[in-house]
Amino acid sequence: MIVDRDNWQEIFATIKKNKLRTTLTMLGVAWGIFMLVIMLGAGNGLRNGIMGAFGGIATNSFFLWTQPTTKPYKGLKSGRTFIYDNADVEALKKLPSMDIVCPQNQLGGFRQSNNVVRGLKTGTFNVMGQYPEFILVMKKDIVKGRFLNQKDIDDKRKICVIGPRVQEVLFKKDENPMGQYIRINGVYFMVVGLTRVSRGGQEGQEDAQAVYIPFTTFQKAFNFTNKVGWFVVKAKDNVTAEQAEQEAIAVLKERHKIAPDDKVAIGHWNMGVEFGKLNGLFSGIELLIWVVGIGTLLAGVIGISNIMLIVVKERTKEIGVKRALGATPANVVSQILLEALFITAIAGYAGLAAGIYCLEGLNILIGHEDGAMFTNPTVDISIAAKALSVIIVGGLIAGFIPARRAVAIHPVEALRTE
Amino acid sequence: MIKLNNIQKAYHIGKSEFKVLKGINAHIKEGEFVSIMGSSGSGKSTLLNVLGILDNYDSGEYYLNGTLVKNLSQTQAAHLRNKFLGFVFQSFNLLSFKNAMENVALPLYYQKVSRKERNKLALEYLDKVGLKDWAHHLPSELSGGQKQRVAIARALIGKPKVIFADEPTGALDSTTSLEVMDLFKGINAQGITLVVVTHENDISKMTDRIIRLKDGLIVTEEQETTIINQVILNK
């Protein structure tokens with residue numbers, strides 16, 4: 001049926017006869033698909049922009065830090081501060097729901113005095129005591145050299161991995177930082193790796209000015225003894241981040257004599273929960289886009305259905321003649337359906353192409369600025385495929401009522417003289 | 001070839017019933033050239049619809065080539081029409097976007113004959129009606145007589161047993177009418193049964209037999225004359 005030359009001859013004859021009418025109607029469908037694609041692309045851009053800030057963080061991870069207690073417990077008054085230590089790390093690692101437990105320590109950072117020096121150049125950077133597993137929780141792209149490894153931890157090596165901003169401030173443009181030394185709070189560290197910023201927003205800026213050194217070296221060099229600043233934890237894949245978080249908090253409360261109902265003392269931030277919220281928000285936006293888009297498209301499809309009804313009406317006699325000459329109802333239905341489908345498909349394809357073209361243009365226009373709210377507003381192939389199937393379904397819907405009308409035409413019509 | 005036993009058909013308009021065919025009995029033998037005559041409202045169009053399997057009838061029996069034609073599905077009816085019957089219409093009914101050859105080939109399209117094959121056959125049939133040189137012209141470029149000849153070629157190409165012609169000369173002048181009737185006679189001479197509906201006496205006289213319809217019944221010529229006389233006498 002699809003490759004039948006006679007069917008196509010008839011379709012082109014009808015379209016040619018009513019160029020203006022057909023074009024105007026096709027505009028409706030093209031516009032519908034165009035809007036759908038543009039909106040989906042914009043929704044994608046917003047999602048990419050927002051989600052970019054979380055780039056590379058394992059979605060089942062959470063952070064734990066300390067805050068002053070708010071409840072008296074076991075003879076200890078409220079408002080007490082406490083500090084995590086290495087024994088907490090071992091206790092957390094024993095929990096079956098924990099996959100990776102990364103204790104963290106940090107020096108310097110925001111609004112602190114210069115802490116890193118190289119020759120005459122100085123800068124204030126976030127110096128972090130880190131474990132090698134950290135990159136399994138928060139992805140870091142290594143551009144040059146390597147990240148920390150277990151040997152660094154065991155031997156308490158004085159080496160460091162630096163972010164791009166650190167390189168920019170401390171090194172000349174054509175200088176290779178690998179193997180060079182920088183001084184952190186008076187202690188020399190050798191640069192062994194360079195990272196790249198892989199997420200947007202404030203988090204990306206922080207990444208840019210990070211200096212990672214082995215956790216054990218950090219504790220020894222900067223007199224932290226066995227202190228731990230905070231934890232970054234990744235839950236096992238078979239448990240939810242929320243559940244793992246509850247278990248970890250319970251253990252830490254027990255160890256630091258904190259009232260079990262004290263909700264403040266252990267500060268926590270759960271990626272899984274935040275991620276879920278945002279995902280829900282964007283799914284909602286996407287649903288809205290589809291509802292509005294399909295509504296617009298439906299208006300176009302009804303337009304096509306309408307002109308197909310007119311086509312059937314105009315060709316009543318012709319269809320009657322064909323029926324008299326031996327056309328079966330199936331012949332008649334397929335002809336009308338094919339015509340409706342063809343018009344819808346051409347219009348839809350034009351809309352799709354125009355939409356993608358505009359999105360690409362927009363993409364080039366806004367570029368790839370770090371931390372933008374709106375990134376990469378394009379539709380992927382699966383969305384294009386969805387839009388295409390919407391077009392085809394739309395075409396079939398458009399052809400359905402006219403085709404039924406056409407079949408109802410009796411062959412007697414052929415004998416009726418006007 | 002065609003046998004009608006007490007065919008009845010009524011149209012329902014709202015709640016009232018309007019009987020159009022009130023019991024038609026007729027027999028048309030193979031190879032006959034028959035004309036159906038009657039004034040408008042006599043039921044001749046309805047009878048042609050029933051004969052051409054374009055419409056159903058309410059009661060009675062219609063045998064075409066020995067098989068009973070009754071309560072067929074649309075698809076079955078389409079296949080029967082395509083296989084056994086040919087049609088020639090008053091207003092030609094050629095498809096405007098197809099040229100003469102493609103119009104002639106149309107019935108074969110529904111028999112799923114390949115395009116090449118059916119166009120070849122169509123050219124042969126166009127040759128038979130003397131229009132081979134016009135094969136690639138659109139209907140709008142043909143005269144009335146030429147259009148009707150194309151339509152006749154189209155009716156012939158399916159090798160039908162019976163050809164029905166509904167006022168085939170109604171839209172033609174007398175010279176072309178005669179040409180068309182000559183063509184019909186030639187076709188009839190090849191053994192194809194022909195049924196022509198007309199209200200022109202000149203045309204019906206050229207056929208072997210005239211079936212006269214009046215108010216849904218077949219009447220003989222004498223009966224009709226008597227009825228007419230009575231009407232005149234009553235005045």
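Domain bounds, as used here, come from an automatic or database domain assignment. For chain A, that assignment gives domain 1 (5-54 + 276-415) and domain 2 (83-255). The C-alpha centres of domain 1 of chain A and domain 2 of chain A lie 53 Å apart.

This is a predicted model, in which local features need pLDDT of at least 70, side-chain atom pairs count only at pLDDT 80 or more, and totals for chains, interfaces and linings use all residues. Residues are numbered from 1 along each chain as its sequence is written, while chains are lettered from A and ligands numbered from 1 in the order in which they are written.

Helices (H or I, at least four residues) and strands (E, at least two) are DSSP runs, numbered from the N terminus. Axes are lines fitted to C-alpha atoms, for helices over the stretch in contact, and angles run from 0 to 180 degrees between N-to-C directions. Helix 2 (residues 19-52) of chain A packs with helix 13 (residues 381-407) of chain A at an angle of about 155 degrees, and their axes are 11 Å apart. Helix 2 of chain A is therefore roughly antiparallel to helix 13 of chain A; angles under 35 degrees count as roughly parallel, over 145 as roughly antiparallel, 65 to 115 as roughly perpendicular and the rest as oblique. Helix 2 of chain A passes helix 13 of chain A in a right-handed crossing. A crossing is left-handed if the near helix is turned anticlockwise from the far one by less than a right angle, and right-handed if clockwise.

On the side of helix 2 of chain A, the contact is made by Val29(A), Ile33(A), Leu36(A), Val37(A) and Leu40(A). Helix 13 of chain A contributes Ile383(A), Ala387(A), Ile391(A) and Gly394(A). Two residues are in contact if their C-beta atoms, placed from the backbone, lie within 7 Å. By class, this contact of helix 2 with helix 13 of chain A has 8 nonpolar, 1 polar and no charged residues. In these classes, Ala, Val, Leu, Ile, Met, Phe, Trp, Tyr, Cys and Pro count as nonpolar, Asp, Glu, Lys and Arg as charged, and the others, Gly among them, as polar.

Another helix pair of chain A consists of helix 10 (residues 271-314) and helix 12 (residues 329-366), which pack at an angle of about 140 degrees with their axes 10 Å apart. Helix 10 and helix 12 of chain A are therefore oblique to each other. The crossing of helix 10 of chain A past helix 12 of chain A is right-handed. Val301(A), Ile304(A), Met308(A) and Val312(A) in helix 10 of chain A meet Ile336(A), Glu339(A), Ala340(A), Ile343(A) and Thr344(A) in helix 12 of chain A. The class counts for this contact of helix 10 with helix 12 of chain A are 7 nonpolar, 1 polar and 1 charged residues.

Ala406(A) lies in helix 13 of chain A. Not counting residues up to four places away in sequence, Ala406(A) touches Val312(A), Ile319(A), Val332(A), Val333(A) and Ile336(A). Ala406(A) is buried, with 24 other C-beta atoms within 10 Å. A residue is buried if 20 or more other C-beta atoms lie within 10 Å of its own, exposed if 12 or fewer, and partly exposed in between, with C-beta atoms placed from the backbone. Ala406(A) and Lys140(A) are 266 residues apart in sequence and 64 Å apart in space, C-alpha to C-alpha.

Val211(A) is found in strand 11 (residues 210-214) of chain A. With 26 C-beta neighbours inside 10 Å, Val211(A) counts as buried. Residues that Val211(A) touches, not counting those up to four places away in sequence, include Val116(A), Phe125(A), Cys160(A) and Ile184(A). Met128(A) is 83 residues from Val211(A) in sequence and 6.0 Å from it in space, C-alpha to C-alpha.

Thr225(A) is found in the loop between helix 8 (215-221) and strand 12 (227-228) of chain A. Thr225(A) is exposed, with 9 other C-beta atoms within 10 Å, and has a positive phi of about 45 degrees although it is not a glycine.

Finally, the two chains meet. The contact takes 23 residues from chain B and 21 residues from chain A. Helix 2 of chain B gives the most to the side of chain B that touches chain A, with 5 residues. By class, that side of chain B has 11 nonpolar, 8 polar and 4 charged residues.
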